[in-house]
Amino acid sequence: MERIVGIDLGTTNSLVAWLDDATPRVIADPATGRVIVPSVVSFPTNGCGDSGGPIVGDEARALAPTAPATTIESVKRFMGLGREHLSAADRQRYTFAEDDGRVLRFTIGERTYAPPEISALILKELKRRAEAALGGEVKKAVITVPAYFNDTQRQATKDAGRLAGLEVLRLVNEPTAAALAYGLDQMSAGTVAVYDFGGGTFDVSILKMERGIFAVKATGGDTRLGGGDDVDEAVADWLLAGHPQSAARDVRALARRAAEEAKCRLSTVDATEVALTLADGTRLAKTLTRAEFDALIAPIVERTLGPCRQALADAGLRPADVDAAVLVGGSTRIPLVRAKVAELFGREPLCSLDPDQVVALGAGVQAGILSGRKKDMLLLDVVPLSLGIETMGGVMTRLIERNTTIPTSHSETFTTAVDNQTAVDLHVLQGEREIAKDCRSLARFSIPIEPATAGFPRVDVVFMIDANGILNVTARDVRTGRERSLDVKPSYGLTDDEVERMLEESIDYAEEDVAARLLAESRTEAATLIRQIERTLGESRALLEAGEEDAIRAAIVTLQQAAEGTDYNRVRDVAQALSDVSTPFAHRIMEASIKRALEHKNAGGGSWV
Amino acid sequence: MTTNTETALCLHCGKPAAEQLVCAGCGVVPRGTLGLDPRGTLGLDSREMPGLDPHDTLGLDAPAADALAPSSETDYFAVFALPRRPTVDLVDLEQRYYALSRALHPDLFSDRPPAAQAASLRKTALVNRAYKTLKDPVARALYWLEIHGESLGRDNERVPPALAARVFEVQEQLEELRAAKKAGAADAATTAVAAVRDELRDDLDGCDARLAKNLERFGNGGDADALAETKKILSELHYVRTLLRDVDREMGASWSA
């Protein structure tokens, strides 16, 4: 059976898990026994300004205070951003390439790195671990993302997977993954609020669980709010208040580390000393009490409660309607956070699963579902942010509202505002604001139309969101039938060419012959397709029409012959032909399963407790 | 077209027109901004074009939707093998929805041929859309009007008389809250807006109940009165929901401030 792993690619820490029989397990490094890979990448310098090979994880984390300029922490905060999204604190902390490229890049020594490239290094380390522990190649993964990640950030995460040599089968929202892990563990039915406060992001999701169905009702959050970044920074500010070097990069790096350690201690003690020794030997020490710490972070914790109330309102629920509140993410170890969550939902929150591991465990469960090993659970997730297009007057017109269950599609007909337009520009937007410029720009494209008086042309715009929450937009001039369709390539994302180039540049592939690799890939794809179709033929023979099986079998033979040759383009073309010839059959299977589902609707599914 | 001259509010969302010329929901092209860009951005619908009813373009029967799913499938009741009735047993509907999801969801097709994966995606998208429409009484009622060749038409472009006072009250309270926030003392104003929100929720419950009753009348044969009344309630519901959303948004901002 094909191995699919589940990965929690966190701001502070990353983990990999898989479904072992019916139980999800996190995978430890066989050498050290540790399960957590700190999401830190360091590029050691050789003294000439050149970077050496990257170091990932614990070792890199140890280097952060002494080599802050060449060590990237919290890269997740930068995924899918453009330069204009950077804060002063970001620029103080890292050096960014100031070229004219669209994509944000870190400058390290002589080289620059896009955030997905850094994330890919972390993913490669997790892949290496999983392969060592499971004994065999791992090529496919489910990766979790904050529920509130927008389309651009999701695409960037998929790019990182591709750069790491992983096919990302699914992006799962982190709180949803956590709910899967808890659902498997102890819950049967009811409404659950998942409060996920991690190192750099905050998410909240409201889910309804019933007999193996996990239906997300609403989600909300803040992708730039976290315990690692905001809480540690607040304590570091307090520690360095009045210090002459408080803005120096190396001083701040040391202070952040001291702050983080003090934060962890304050989860169990009422007061602690926060101390650091600077490079010049000066020592700085202050005592921080729990009460002072609570006062420092109260505004940060308060910022998490607005999205919780909004998610409840979106789900049409009051706090009392929630049967359980679940805590996820390392920052939920902070006593003030627990107290505030308990206060909001009027009940003690659940935290029986390790808050650092629960997301990875849930990703492992979803990996099991996608590999066909877990058939009694199903996730019905939602799109976190509304999607639409810019219309006349710079207005955001929503086609798909936030919290709509995915996959989904919606179409709307538009017309022109000016006589004799030869084309219309589509500006695809994401966000909740009314004015286009306040929303995130996802993509722009234009479709040619037949010129006519304003108001006469009709352009149908269809938004289709797949199960990963990724958008495809189709626009069609009704009169001419001319159509343009695109998978939205985000404005701040990498283009296919850029990803290809990065792949070529990365050491792993440099020695490989690209053509040989493409041929091997096309052969694997052909073999997979043949296996899938043969299985379907075996299971649903009754639905075949006369002569259909012969046609499909002939196409299989053609593909097998092509795969023995060396022309990967031919293998792909013939594979497409096989896929096409089996399409009507696939549709009939689908109709039959719809019929069955409605006939047995009350029988339920699976052995859900 | 975009402003009601008597009240100077956006027709669609009730906000003062000075702040916002058009709103996202109605998206009517304001006359003053026509022709700014020779290639032009899009104007939504052609509400003022003779012979073109904007509400036939809601997207349900649009040709592009047909391209995604054969037209026989776009009857949302048929998707769930339910009779066409304006009232729906929500518990039963949910069970049907879950059953279809268990049979069709793309997660269950990841090891299937591409054609099956694509079909699963399309069908699930349709099921999700149909469920979203039928489970919500307002969306269902609008759909019901639509499949019977009716639409809210211009009814939806005026502030319903019954709500005019409420619209003003809400806008005023929100203004005060914004001003108080700027001054850094939002407590009293927040409490006042919270009270308005509770009133709006009561309004919403009231409208929902009236709508449910009217849909029953429809289901039992219906008449012209039931139709007119349903349109009136839908129009009110639409406004109350928009107001409530604005209030929730402002409250959310004040909570996190």
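**View 1. Chain B contains 8 helices and 3 strands.** Helices (H or I, at least four residues) and strands (E, at least two) are DSSP runs, numbered from the N terminus. This is a predicted model, in which local features need pLDDT of at least 70 and side-chain atom pairs count only at pLDDT 80 or more, while totals for chains, interfaces and linings use all residues. Residues are numbered from 1 along each chain as its sequence is written, and chains are lettered from A and ligands numbered from 1 in the order in which they are written. The order of elements in chain B, from the N terminus on, is β-β-β-α-α-α-α-α-α-α-α.

**View 2. Helix H16 of chain A comprises residues 583–599.** Buried residues of H16(A) are Phe585(A), Ala586(A), Ile589(A), Met590(A) and Ala597(A); a residue is buried if 20 or more other C-beta atoms, placed from the backbone, lie within 10 Å of its own, exposed if 12 or fewer, and partly exposed in between. Viewed along the axis of H16(A), these residues fall within an arc of 140 degrees and so line one face of the helix; the arc is that of the directions from the helix axis to the C-beta atoms. Lys595(A) and Glu599(A) are exposed on the face turned away from the buried side.

**View 3. Strand E14 (residues 213–222) of chain A is mostly covered, with 9 of its 10 residues buried.** E14(A) runs antiparallel to strand E13 (residues 202–210), to which 9 bridges join it; two strands pair if DSSP finds at least two bridges between them. Phe202(A) stands opposite Asp222(A). The E13(A)–E14(A) hairpin has 2 residues between the strands, and Arg211(A) takes a positive phi near 40 degrees there.

**View 4. E14(A) also runs parallel to strand E18 (residues 378–380) of chain A, through 3 bridges.** Ala215(A) has Leu380(A) in E18(A) as its bridge partner.

Conventions. Expected span 1.5 Å × (residues − 1).
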